[in-house]
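The points below are meant to be read with the model open beside them.

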Amino acid sequence: MYWIRFFIRYNHCRHPTEMEAAEVVGFLGHLATERNVAVNTQRIALNALAYLYNQFLKQPLGDLEFKYASKPQRLPEVLMAAEVASILKEMTGRDKLIFSLLYGSGLRITECLRLRVKDIDYSCGSITVRDGKGAKDRVTIFSPSLYESTRDIISNALALQERDNQESIGPSIPGVLAKKYPSACRQPAWMYLFPSSSISRHPVTGVLCRHYLHDSVPRKALKKAVTVVKLTNKRIPCHTFRHSFATELLRNGRDIRTVQELIVHSDVSTIQIYTHVLGQHFAGLTSPLDAIA
């Protein structure tokens, strides 16, 4: 609604039925060149106008040719191993395990919170990430140092599941799977490692269930820990631990292809950004000053 209103006002309050693709292209170009919006913001505006014309007004826009906003390439903020250790030292229990998994396995915060018991493989030392970004599954490494703490939190989660099952409640199951496996909510394999402290209704099926922990909880824990260790020179969101995972692997001599498989980026150039963070993108060249210093 915001972008549709913006579009109408930009065109001097003309009715959308009086305008066509040319006005839409002009508006999107204005966002890119005059307002300098990010490319994702421009795409949101495009989607809003496409819905307005294609679905609501039934006036298809057809193919649009316009200038996409430029997307600047920024180097990711990363943490040194000692900095990660100092942050983890200020955390305990569940929060410490969450961020240990982010750094130790290269997980995104949502991927970590959505882990179920069946995704942990102690025998192979691996974690299976299901339905990650781009609806992709992948397998990543699992640090043996986290085995004990992971077993403890799984034990607590299963105890909670047993109590929930007595009241005909269980972990949330995707709609289609819930129909195919109606008893899945009673099976330990489907229980979340990090369940929510409250129960709610499934947004699709309407069934009362227990979802995974909301990401605001670990974010608050991270903010508190970063404040205590006084890392004020860096912006440290949860995703920083994933960047640090990739950077540390490269620092330890792992090849780019291996890192690419672990964090699942389709374009190897994305992984090469981490070599810039390390200062290794010049193939080991040294400064001429070193020869005379």
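1. The side chains of serine 172 and histidine 211 are joined by a polar contact of 2.8 Å, and a second polar contact, of 2.9 Å, joins the side chains of serine 172 and tyrosine 192. A polar contact here is a pair of N or O atoms within 3.5 Å, where, within protein, one must be able to donate a hydrogen and the other to accept it, and residues adjacent in sequence count only if both atoms are side-chain atoms.

2. The model is predicted, so local features need pLDDT of at least 70 and side-chain atom pairs count only at pLDDT 80 or more, while totals for chains, interfaces and linings use all residues. Residues are numbered from 1 along each chain as its sequence is written, and side-chain values use heavy atoms, with hydrogens and water left out.

3. Serine 172 lies in the loop between H7 and helix H8 (175-180), helices being DSSP runs of H or I with at least four residues and strands runs of E with at least two, numbered from the N terminus. With a relative accessible area of 3%, serine 172 is buried (under 20%; exposed is over 50% and partly exposed in between, with a 1.4 Å probe and protein chains only). Apart from neighbours within four places in sequence, serine 172 is in contact (heavy atoms within 4.5 Å) with Arg116, Tyr192, His202, Cys209, Arg210 and His211.

4. Of the 22 residues that line the second largest pocket, Arg114, Arg116, Arg130, Pro174 and Tyr192 lie nearest its centre. The elements that give two or more residues to this lining are H6 and E2.

5. The largest nonpolar core has 40 residues, and Ile87, Phe99, Leu101, Phe194 and Phe241 have the most contacts inside it; such a core is a set of buried Ala, Val, Leu, Ile, Met, Phe, Trp, Tyr and Cys residues joined through side-chain atoms within 4.5 Å. Its largest share, six residues, comes from H5. Leaving aside neighbours within four places in sequence, phenylalanine 241 is in contact with Leu79, Val84, Ile87, Phe99, Leu102, Tyr103, Leu222 and Ile236. A second, separate core of 18 residues includes Phe7, Met19, Ala48 and Leu49.

6. For the chain as a whole, the secondary structure comes to twelve helices and five strands, and buried residues make up 42% of the 293 residues.

How values were computed
1 Å grid on protein atoms, 1.4 Å probe; cavity = no way out; pocket = protein on both sides within 12 Å on 5 of 7 lines; lining within 4 Å.
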